[in-house]
Amino acid sequence: MPPFSKRSSMSKLPWQVLDLVSNHLDPKTLATACCISKTWFTCISSDHIWQPICTTHFPSLSYNLKLVNPALPYYRLYAMASAAAKSRSRTPSKLSLALHDLIFTVNVFSHNKVLFSLEKPGDELVMDNNGVFKFDIDVDNNELEPAASESVSVTWNVVLKGWRGVFNMMESCKGKRGVDDCWFSEELPLPGCCSSLVDSGMVAELRLVFTEESKTGGNNLDHVGRINKVSVGMFSTAKLRYVGVDDGFRYLQHFLC
């Protein structure tokens, strides 16, 4: 480490120099440089430095989390996504995660157009009466045109409150249209813990529930759907049932905490 006098001189470098140099540093070095002084932190934590790093390493999270929380800085987003990627090999720990620690975010797309975005804190959700990891979320009658309903995709992320961590449950997943709903499912990675779940395939499930109604457009009468509920959960394909609440929290804890 350089003598104090040299470090003091380094901390007084013009911000233009810091900005120029920062564009040639790797994420770990940038994070270390942020700790030198408040001036360095202010400059090096800027979105224009971290945005290309985030979109290169974690393109989906960068896009989807910014949709639901535009104020989230890219350096924080990178830290969250990087921690989630490293957590896959960790050993299990005692369950400490609870529903009030989480935020569920859902983005619904059609033809690359955002139909709606949802951010729901866990303490506003109601536990399922059967004690399984499944939650119903009421939404504000978002209109779904017939053409759009045939090409809907969804992304579902679970965020640790305070935006301190994130786990991607479902990414740009395409679903199957029913009479009054759309179903989406995506296989989840095995975490290396949760022994009761390792031998069984686990999937994230999401269901859009809507009601059909008629809508007059010009001289035509069109049928549109209005999305009024989003249902999310974790399902065991081997046991053919939703996993228990504690098993769901234990699974998420491995990736988030």
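Me: Which residues line the second largest cavity?
Reply: In this predicted model, the lining of the second largest cavity consists of Lys134, Trp183, Glu205, Leu206, Arg207, Ser231, Val232, Gly233 and Tyr242.

Me: What is the make-up of the lining by class?
Reply: Four of the residues are nonpolar, two are polar and three are charged.

Me: And what volume does the second largest cavity have?
Reply: Its volume is about 30 Å³.

Me: How many cavities of 30 Å³ or more are there?
Reply: The count comes to two.

Me: Back to Lys134 from the lining. What does Lys134 form with Asp136?
Reply: Lys134 and Asp136 form a salt bridge, in which the closest N and O atoms are 3.4 Å apart. Asp136 counts as partly exposed, because its relative accessibility is 39%.

Me: How many salt bridges does the structure hold?
Reply: There are six salt bridges in the structure.

Me: Which residue does Asp47 meet in a salt bridge?
Reply: Asp47 meets Lys66, with an N to O distance of 3.8 Å.

Me: Are the two partners buried or exposed? Take Lys66 first.
Reply: Lys66 counts as buried, because its relative accessibility is 14%. Asp47, in contrast, is partly exposed at 31%.

Me: What about Lys161, which residue does its side chain meet?
Reply: The side chain of Lys161 meets that of Asp123 in a salt bridge, at 3.1 Å from N to O. This pair links distant parts of the chain, 38 residues apart. Lys161 is in the loop between β4 (152-160) and β5 (165-174), while Asp123 is in the loop between β2 (113-121) and β3 (134-144).

Me: Changing topic to strand β8. Where is Phe210, and is it buried or exposed?
Reply: Phe210 has its place in strand β8. Phe210 counts as buried, because its relative accessibility is 3%, under the 20% cut-off.

Me: How many residues separate Phe210 from Lys229, and what is the distance in space?
Reply: Phe210 and Lys229 are 19 residues apart in sequence, and their C-alpha atoms are 6.9 Å apart in space.

Me: Now the surface. Which residues make the nonpolar patch of about 310 Å²?
Reply: The patch is made by Val17, Leu20, Val21 and Leu25.

Me: Where is Val21 found?
Reply: Val21 is found in helix α2 (residues 15-22). The relative accessible area of Val21 is 42%, so this residue is partly exposed.

Me: Last topic, backbone angles. What is the phi of Asn112?
Reply: Asn112 has a positive phi of about 65 degrees, although it is not a glycine. Asn112 is placed in the loop between β1 (102-110) and β2.

Me: Why does Asn112 count as exposed?
Reply: Asn112 is exposed because its relative accessible area is 78%, which is over the 50% cut-off.

Me: And Ser172, what is its phi?
Reply: The phi of Ser172 is near 45 degrees, a positive value in a residue other than glycine. Ser172 is in strand β5. With a relative accessible area of 47%, Ser172 is partly exposed.

Notes: Residues are numbered from 1 along each chain as its sequence is written. This is a predicted model: local features need pLDDT of at least 70, side-chain atom pairs count only at pLDDT 80 or more; totals for chains, interfaces and linings use all residues. Side-chain values use heavy atoms; hydrogens and water are left out. On a 1 Å grid over the protein atoms alone, a cavity is a set of points where a 1.4 Å probe fits but cannot get out, and a pocket is an open set with protein on both sides within 12 Å along at least five of seven lines; lining residues have an atom within 4 Å of a point. Grid points are joined across faces, edges and corners, and a volume is the space filled by probe spheres set on the points. Ala, Val, Leu, Ile, Met, Phe, Trp, Tyr, Cys and Pro count as nonpolar, Asp, Glu, Lys and Arg as charged, and the others, Gly among them, as polar. Patches are made of residues with over 30% relative accessible area and no salt bridge: like charges are joined within 9 Å, nonpolar side chains (Val, Leu, Ile, Met, Phe, Trp, Tyr) within 5 Å. Accessible areas come from the Shrake-Rupley method with a 1.4 Å probe; for residues, only the protein chains shown count as cover. A salt bridge is a side-chain nitrogen of Lys or Arg within 4 Å of a carboxyl oxygen of Asp or Glu. Helices (H or I, at least four residues) and strands (E, at least two) are DSSP runs, numbered from the N terminus. Buried means under 20% relative accessible area, exposed over 50%, partly exposed in between (1.4 Å probe, protein chains only).
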